[in-house]
Amino acid sequence: MSIQILSEEVVAQIAAGEVVERPASVVKELLENALDAGAGHIRIEVTGGGRQRIRVSDDGSGMIPDDVPLAFHRHATSKLRTADDLSHITTLGFRGEALASIASVSHLNIVTRHTDFSAGTLLRLRGGQITEHKSVGAPVGTVITVENLFHNTPARLKFLKKDSTEKRHIALIVSRYAMAYPDVRFVLEQDGREIFRSSGSGFLGDVLVAALGLDTFRDMVEINTEHSGQSIRVYGYTSAPNLHRADRTHITLFVNGRWIQDTRLAYAVTQAYHTFLMTGRYPVSVLLLDIPPEEVDVNVHPTKAEVRFRDGDSVFAALQRAVRRAIIDLAQTPAVRGGDYTGRGQATEWGLDDSHLQLDLSLDLETPGQHTRHRFYSPAEGSPDATAVPVGPGAPARPRTLPILRVVGQIGATYIVAEGPAGMYLIDQHAAHERILYEQFMEEYTRQEQAAQYALSAQSIHLPPVEARLVEENLEVLHSIGFALEPFGPNTFVIRAVPALLANQPPGDVLAALIEDLESGTKPGQASIEERIIQRVCKQAAVKAGQILSFDEMQGLIRQLERCQSPLTCPHGRPTMIHMTTDQLARQFGRLG
Ligand code: ADP
Ligand code: MG
């Protein structure tokens with residue numbers, strides 16, 4: 001092919017690809033513009049995961065008539081004049097790319113009226129070309145409607161995820177901006193249903209309750225270094241050590257009102273919890289940093305999700321110090337949180353000594369011995385039979401990898417001591433039970449496809465908006481595993497059934513645990529979503545550490561473990577037991593040379 005200069009249209013589409021990756025990016029850019037225009041109330045309406053239609057209405061300054069067509073040219077902005085200005089940007093936008101990019105890959109129309117003008121302007125564009133331009137009556141502010149997104153870029157369209165995934169991304173974006181701008185009222189409507197609303201009260205706490213749910217917010221502490229005399233201010237909320245998640249995605253960071261992704265800063269937050277959280281557990285944090293604009297370079301990436309700091313180390317240190325301070329203060333004065341606080345984390349449960357934390361499972365102790373009996377016994381007792389081991393002639397013959405063990409007793413309500421022909425076995429009751437349930441579940445699951453269910457009297461569960469989208473997205477998988485869930489109102493689900501294994505658990509807790517697993521996403525090398533959900537179901541159903549077991553219960557558990565294909569590890573790969581041979585014991589006592 002000979003060299004040719006690309007047409008304007010192609011150039012615009014290529015450029016658009018950098019800014020507008022998916023419907024959520026459109027929402028992000030339009031929100032930033034509304035915020036830059038000083039809006040106090042922003043309404044976002046989305047249809048069909050954003051592909052059909054996205055409409056953002058604001059009550060900001062609006063645009064003067066002459067500016068409206070200009071705004072759709074590439075590199076047209078009112079926020080930047082000279083390269084010098086780049087060093088102290090105080091607006092969210094400055095590249096002048098968003099509107100041109102969005103318009104080039106959609107059908108867009110805008111109605112806007114500037115505060116100083118009595119009439120508004122309507123402009124309609126198709127694939128970036130103006131098709132209508134007139135003066136109209138309109139309230140002050142701007143309404144931008146984006147339809148048929150990516151209609152002219154089939155490749156991009158093909159890579160879009162399911163509507164439900166896009167909806168979740170949009171909910172996430174809106175809730176983040178609501179956190180960074182608590183004095184702006186945000187309303188998000190998806191397919192005609194309002195799924196998120198912030199009050200605009202100016203209190204971050206109010207937004208967090210709407211976005212994360214009251215249960216989560218209750219276990220968070222406030223941070224504010226405003227009066228510390230430092231040039232970097234850190235404020236927001238971070239979790240008490242009793243609230244933690246499986247990955248870093250619950251650490252939300254903002255720099256100068258802009259949500260950012262920064263592994264290093266997320267690490268600073270995690271590190272602040274050193275000895276307060278088990279390894280592999282991460283806090284829930286919403287932290288905002290105010291840094292003098294000249295100390296931050298926001299012009300690193302087209303989507304502006306990454307920033308560069310002039311002095312990264314001091315930002316790291318300021319963030320880590322602020323979080324650490326809050327956690328330590330909390331540990332020392334447990335009463336600092338709100339008067340009505342009835343959280344699980346009393347000072348005695350998570351002191352500076354991390355030995356309590358290692359015993360994660362023991363923290364949600366049920367009454368010792370309770371709820372255990374049916375788990376090891378036959379269906380005759382009237383409980384769901386999914387946990388029962390097939391016995392008798394019908395039982396599948398499995399290779400024996402464990403010898404017959406004799407139970408000696410229990411240690412610390414956590415480990416079972418047993419004796420076998422080859423010495424002593426110390427068995428982790430929780431890990432062992434997880435293994436047993438997992439193999440039973442997998443066998444049923446592969447054999448019958450539809451897992452055994454336990455019907456509940458319908459219970460409704462209300463979730464924060466982003467989590468609700470996540471459940472919606474995975475309804476099918478959940479169903480195949482034995483959950484019967486139906487959407488009921490915007491962020492509410494009716495739970496009609498759970499896998500039989502979980503019949504005794506509060507459905508709300510079960511769902512919360514599952515959501516955590518769903519959130520950790522599918523990363524390369526990780527088990528499939530299905531498998532992870534099954535593992536979680538088994539973990540949830542398994543007898544806990546800290547639960548006193550009767551002799552028969554222990555014997556029953558060991559019998560079942562003996563029948564497992566891989567009795568030596570739990571489904572997550574941790575050991576279920578420690579074996580000391582007779583020789584090793586003898587050597588320890590100096591009986592063998
Ligand atoms: P940028 O935000 O980087 O300046 P955009 O393409 O997003 O670039 O927007 C171009 C210009 O259009 C902005 O600089 C602003 O002047 C104007 N504009 C866009 N959206 C709005 C809005 N909602 N209210 C008022 N003015 C707006
Ligand atoms: Mg912009």
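Author: The average pLDDT of the protein chain, where pLDDT is the predictor's confidence in each residue from 0 to 100, is 82, and 86% of the residues score at least 70. Residues 334-400 have a pLDDT below 50, and this stretch has 112 contacts (heavy atoms within 4.5 Å) in the model beyond near neighbours in sequence. Where pLDDT is low, the predicted coordinates should not be read in detail.

Reader: What are the ground rules for reading the model?

Author: This is a predicted model, in which local features need pLDDT of at least 70 and side-chain atom pairs count only at pLDDT 80 or more, while totals for chains, interfaces and linings use all residues. Residues are numbered from 1 along each chain as its sequence is written, chains are lettered from A and ligands numbered from 1 in the order in which they are written, and side-chain values use heavy atoms, with hydrogens and water left out.

Reader: How many helices and strands does the protein chain have, and what makes a stretch a helix or a strand?

Author: There are 19 helices and 22 strands in the protein chain; helices (H or I, at least four residues) and strands (E, at least two) are DSSP runs, numbered from the N terminus.

Reader: Why is H17 called largely enclosed by the rest of the structure?

Author: A residue is buried under 20% relative accessible area, exposed over 50%, and partly exposed in between (1.4 Å probe, protein chains only). Because 11 of the 13 residues of H17 are buried, the helix is largely enclosed by the rest of the structure; among the buried residues are Ile-529, Arg-532 and Lys-539.

Reader: Why is Glu-166 called buried?

Author: Glu-166, which is found in helix H6 (residues 163-180), has a relative accessible area of 0%, and therefore counts as buried. Leaving aside neighbours within four places in sequence, the contacts of Glu-166 include Arg-22, Pro-23 and Gly-49.

Reader: Are Phe-150 and Thr-275 buried or partly exposed?

Author: Phe-150 has a relative accessible area of 1%, so this residue is buried, whereas Thr-275, at 28% relative accessibility, counts as partly exposed. Phe-150 is in the loop between strand S6 (141-147) and helix H5 (154-159), and its phi is near 65 degrees, a positive value in a residue other than glycine. Thr-275, in the loop between helix H9 (263-272) and strand S13 (285-290), is not a glycine either, yet has a positive phi of about 75 degrees.

Reader: Which residues are the closest to ligand 1, and what makes a residue near?

Author: A residue is near if one of its heavy atoms lies within 4 Å; 19 residues surround ligand 1, the closest being Asn-33, Thr-77, Ser-78, Lys-79 and Gly-96.
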